[in-house]
Amino acid sequence: MTGGAVRGSRPRATVGQATAAARGWVARARRIPRPLTALILVGAIHVAAWMAVTPAFQGPDEAAHFAYAQQLAETGGPPEKEAGNGLNRSTEQIQAMEWAGLHSLIGVIGARPAWSDAEERSWEKAEAALPPEASADGEGPNAVAGNPPLYYAYEAVSYHAAPGGSLFARFHAMRITSALIYLAMIPLAWLIAAELFTSLWARSLTAAIVALQPKLASLGASINPDVLLATVWTAFIYVAIRTLRRGPTNGRLAALGLLAAASLLTHGRGLAILGPLAAVLVFTYLRHRPGRRAAVRGAGLCLGLVAAGLAALLVFRALSSGGGAYSGEVAGFGEQRFDLRQFLSYVWQFYLPKLEFMAPTIGLQDYGFRETFVRGFFGDYASLEVTLPRSVVDLLQIGLVFLFVALYTLAVARWRTVRQWWDTPAVLLIAGLSMLLLVHLVSYRNMLITPADPLFAGRYLLPLVSIFAVGVVTVVAALPRRGAAVAAGLIVGVEIALAMSGLGLSLVRFYA
Amino acid sequence: MRRLLTPRVLALGGALLVLAVAALAVFVPYLSREREAVAGVPVPSPFAVEENIRLAPDQEVCLDAVAIDADSEIAEFTVTSKSKSGPPLSVSAEAPGYRYAAEVDGGYLSPDTIRVPLEPPTRSLLAEFCVANRGNRKVDLLGAHEARTASRVIARVDGTDIPQDLTLRFLSEDYGSVFARLDTLVARMSAFHPLVLETPVLWLLLALLVLVLPAAAIYAVVSSFRD
């Protein structure tokens, strides 16, 4: 009887629990501030528009990233960087790109994708006739095969979960899951601002700058590990600031370790996170002075997770191609001579005019701050061929230089506040410099081999987008209240106009 | 007056001012400007390396399985040989249930881009597209032979495969603006997309982009200011 009663009451209890849980979720969702909800909606529309306007495989190196994810999804292993079976993409991907006119479209302004019904029907017939192994034979060489596997493993899940099983269904499912990573950056930016600013508008403006950044949304709409790297860095910056301000807990230190490990497992450029990680740990110790045992335990927890991530990467590499942890962008530093004087001269000339005593910079002479921090950070969509007009780039450059000058002036004018909260700006600065140093080193090394390829695109700066947004809001917050309101409105207007411009230019480039 | 100019009003004014200027100075002129209406590019112009396709008198070059859409009203290719009087050419397109032929009179100055009026099919199809030299002198046509612009179509001269592809594109006759041709552009965007991005969804997305995105972004920031 008792057993029967228990069996009889269990479904009711389960339904009751489910209802309570659902109510809890609704209550929690209601607690999300309305401006943040609106900005998540903005981000969703923005990234969906980029997905629609950018034909398949036209994001930066998107064909190679898809090929990596497909190979991982189909075989459990990554493609090879230099060896393989001679196919840098699977037969299925090659044929899909041929039928849809997507191969000759990459970076070629005069080309257009296929859009006729006849070609679409023919591709469907061709796809149906392909043998199953046609999606698993892209063994390499693949230019991005040296990347760590975390992002591709995440994409492999949606590759298999895509309904229908056709290549383009899988491709777009993977883009959607990439877009979800991008969307996570908006609440993370909000949370960062919530740690730094008391006013609601400052949080909204920070999140709006991230949600409307056109380059970030265009990247979020494509298959590319850079979007995961940017999100991991944004989350890391949030946890780092929270740890500095509120003190270390096991949860925060574990989160720092996990995010640093995720950065290492996402991209070679993720190694740059070790700089801000070390800074956070040291600065947290200096500010909060935990006991020696607690400090050792906390650091051990955090660094242990980082070490576990690195070990996982080494095991993955050993089991797959047997190479080092990374290849390509951040590998092979020992193979070229490193001339410190030449490197410093290159970095100087990247940002500033050449001084009389300096030799001409290594590599491209006219590639520097403007091309990366301005043109590439805000524009250069698709495979870099969709560019913002020169006049817009001029205005953005003026705005960016003004931002740096204003931040410096503010730091000097409010030195007392900076000294009081020195650790937070120091970590943000170290995060930026750490990423820049790594990218410059990689760029320098690459130009020793291939002078015409600086290997430094504007999207490499996107992990720092939340720092950029915080910088803008810091300057706006320093203005009188009414001035701040006008400035905030102008900035949102500019960001919306930039987003629309990028989408309009891409629409005309691909479909007009 | 100062009471009326609350932070919310000022923020809203700032955003709307930028958008109004951008719309009037950039967006409307850009999107309403008449521009060449590309109807398809079977083989784009070479990116870096030009390689000519030489046709002796009576030779013809054909591209197989070229997609010709219902709005392909002009075929465009390039004669690269220098001449004050280019040879006559014949152009043809053929598919099951569809055939079109046209002549290009000789005597044109070259190098030059040749545009030939085309009778488009009623619905898109894959056709064999040929250009033949009907003169008594050889003629060079612009070809592409590089990995970067390699396309699906295969080129043949008198039935023999050649490594180059004949650069070819189709145009529509009416030079419409983006606004005027928006329905065509949206329909094109839905090609090779899964069902979730079919044309009606794309129209909805366009409406959300133009109306909801700016409104929601401005609302988020403006409503965050306390009056």
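The model is predicted. Chain A has 20 helices and zero strands. Its radius of gyration is 24 Å, close to the 24 Å that the globule rule gives for 512 residues, so chain A is as compact as a globular protein of that length. In the contact between the chains, 58 residues of chain A meet 58 residues of chain B.

**Chain A overall**

- Along the principal axes, the C-alpha atoms of chain A fill a box of roughly 90 × 70 × 50 Å.
- Of the 512 residues in chain A, 52% are buried.
- Among contacts in chain A with a separation of 6 or more, 78% join residues 24 or more positions apart.

**Helix 10 of chain A**

- Helix 10 of chain A runs over residues 225-246 and has 22 residues.
- At 1.5 Å a residue, helix 10 of chain A should span 32 Å. Its end C-alpha atoms are 31 Å apart, which agrees.
- In helix 10 of chain A, 19 of the 22 residues are buried, so this helix is largely enclosed by the rest of the structure.

**Where the chains meet**

- The contact takes in 58 residues of chain A and 58 residues of chain B.
- On the side of chain A that touches chain B, at least two residues each come from helix 2 (34-53), helix 4 (91-99), helix 5 (117-128), helix 7 (167-196), helix 8 (200-212) and helix 20 (481-511) of chain A.
- Helix 20 of chain A gives the largest share of that side, 17 residues.
- The residues on that side of chain A are 38 nonpolar, twelve polar and eight charged.

**Domains of chain B**

- The domain assignment of chain B gives domain 1 (7-35 + 176-222) and domain 2 (38-171).
- The C-alpha centres of domain 1 and domain 2 of chain B lie 37 Å apart.

**The largest nonpolar core**

- The largest nonpolar core holds 209 residues.
- The members that touch the most other members are L39(A), A208(A), F236(A), L256(A), A488(A), A217(B) and V221(B).
- Both domain 1 and domain 2 of chain B give residues to this core, so it lies between them.
- Leaving aside residues up to four places away in sequence, L39(A) touches I186(A), S204(A), A207(A), A208(A) and A211(A) in chain A. L39(A) also touches A217(B) and A220(B) in chain B.

Terms used: Residues are numbered from 1 along each chain as its sequence is written. Chains are lettered from A and ligands numbered from 1 in the order in which they are written. This is a predicted model: local features need pLDDT of at least 70, side-chain atom pairs count only at pLDDT 80 or more; totals for chains, interfaces and linings use all residues. Two residues are in contact if their C-beta atoms, placed from the backbone, lie within 7 Å. Helices (H or I, at least four residues) and strands (E, at least two) are DSSP runs, numbered from the N terminus. Ala, Val, Leu, Ile, Met, Phe, Trp, Tyr, Cys and Pro count as nonpolar, Asp, Glu, Lys and Arg as charged, and the others, Gly among them, as polar. Domain bounds come from an automatic or database domain assignment. A nonpolar core is a set of buried Ala, Val, Leu, Ile, Met, Phe, Trp, Tyr and Cys residues joined through C-beta atoms within 7 Å. A residue is buried if 20 or more other C-beta atoms lie within 10 Å of its own, exposed if 12 or fewer, and partly exposed in between; C-beta atoms are placed from the backbone. The expected span of a helix is 1.5 Å times one less than its number of residues. The radius of gyration is taken over C-alpha atoms; the globule rule is 2.2 Å times the number of residues to the power 0.38.
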